[in-house]
Amino acid sequence: MPIARCEFCQDRPRDEFAVSRWTVDPEDRERLTIALCARHLKRVQKGGDRGYEHRGFRYKTGFW
Ligand SMILES: [Zn+2]
């Protein structure tokens with residue numbers, strides 16, 4: 001089944017990506033796979049280790 005939309009906007013996602021998500025402590029993170037459009041993939045990658053903030057969560061690419 002095709003992925004309907006990006007996790008952060010209404011755009012069509014480029015693909016699904018493995019990300020880490022946390023609120024305050026990056027050590028206390030959740031590992032999940034989310035669909036991202038090209039624009040948001042770039043933003044998450046740009047966030048680096050600090051992460052990309054969205055609605056109280058921070059996201060970064062990869063599980064580590
Ligand atoms: Zn997006």
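Visitor: Leaving out residues up to four places away in sequence, which residues does Leu41 touch?
Guide: Keep in mind that this is a predicted model, where local features need pLDDT of at least 70, side-chain atom pairs count only at pLDDT 80 or more, and totals for chains, interfaces and linings use all residues. Residues are numbered from 1 along each chain as its sequence is written. Two residues touch, or are in contact, if their C-beta atoms, placed from the backbone, lie within 7 Å. Not counting residues up to four places away in sequence, Leu41 touches Arg14, Phe17 and Leu36.

Visitor: Which residues make up the largest nonpolar core?
Guide: A nonpolar core is a set of buried Ala, Val, Leu, Ile, Met, Phe, Trp, Tyr and Cys residues joined through C-beta atoms within 7 Å. Buried means that 20 or more other C-beta atoms lie within 10 Å of a residue's own, exposed means 12 or fewer, and partly exposed is in between, with C-beta atoms placed from the backbone. The largest core has seven residues in all: Val19, Ala35, Leu36, Leu41, Val44, Tyr52 and Tyr59.

Visitor: And which elements give two or more residues to this core?
Guide: Elements are DSSP runs numbered from the N terminus: helices (H or I, at least four residues) and strands (E, at least two). Two or more core residues come from each of S2 and H1.

Visitor: In what order do the elements run from the N terminus on?
Guide: The protein has one helix and four strands. Starting at the N terminus, the elements read β-β-α-β-β.

Visitor: In what order do the four strands sit in the sheet?
Guide: Strands of a sheet pair through backbone hydrogen bonds, either parallel or antiparallel. Two strands count as paired if DSSP finds at least two bridges between them. Here the pairing is antiparallel and the sheet is open. Strands S2 (30-36) and S3 (52-54) are the edges, each pairing on one side only, in the order S2-S1-S4-S3.

Visitor: How many bridges join S1 to S2?
Guide: S1 covers residues 15-22 and runs antiparallel to S2. Ala18 stands opposite Thr33 in S2, and Glu16 stands opposite Ala35. The number of bridges joining S1 to S2 is seven.

Visitor: Which residue in S4 is the bridge partner of Arg21?
Guide: S1 and S4 run antiparallel and are joined by four bridges. In S4, Arg21 has as its bridge partner Tyr59.

Visitor: What angle does the direction of H1 make with that of S4?
Guide: Axes are lines fitted to C-alpha atoms (for helices, over the stretch in contact), and angles run from 0 to 180 degrees between N-to-C directions. Helix H1 (residues 38-47) packs on the sheet, touching S1, S2, S3 and S4 (57-61). The angle with S4 is about 95 degrees.

Visitor: What about Asp11: buried, exposed or partly exposed?
Guide: Asp11 sits in the segment before S1. Beyond its neighbours within four places in sequence, Asp11 contacts Arg5, Cys6, Cys37 and Arg39. Asp11 has 14 C-beta neighbours inside 10 Å, so its label is partly exposed.

Visitor: Then is Arg55 buried or exposed?
Guide: Arg55 lies in the loop between S3 and S4. Its phi is near 50 degrees, a positive value in a residue other than glycine. Because Arg55 has 5 other C-beta atoms within 10 Å, Arg55 is exposed.

Visitor: What radius of gyration does the protein have?
Guide: The radius of gyration is taken over C-alpha atoms, and the globule rule is 2.2 Å times the number of residues to the power 0.38. With 64 residues, a compact globule would come out near 11 Å. The protein agrees with that, at 11 Å.
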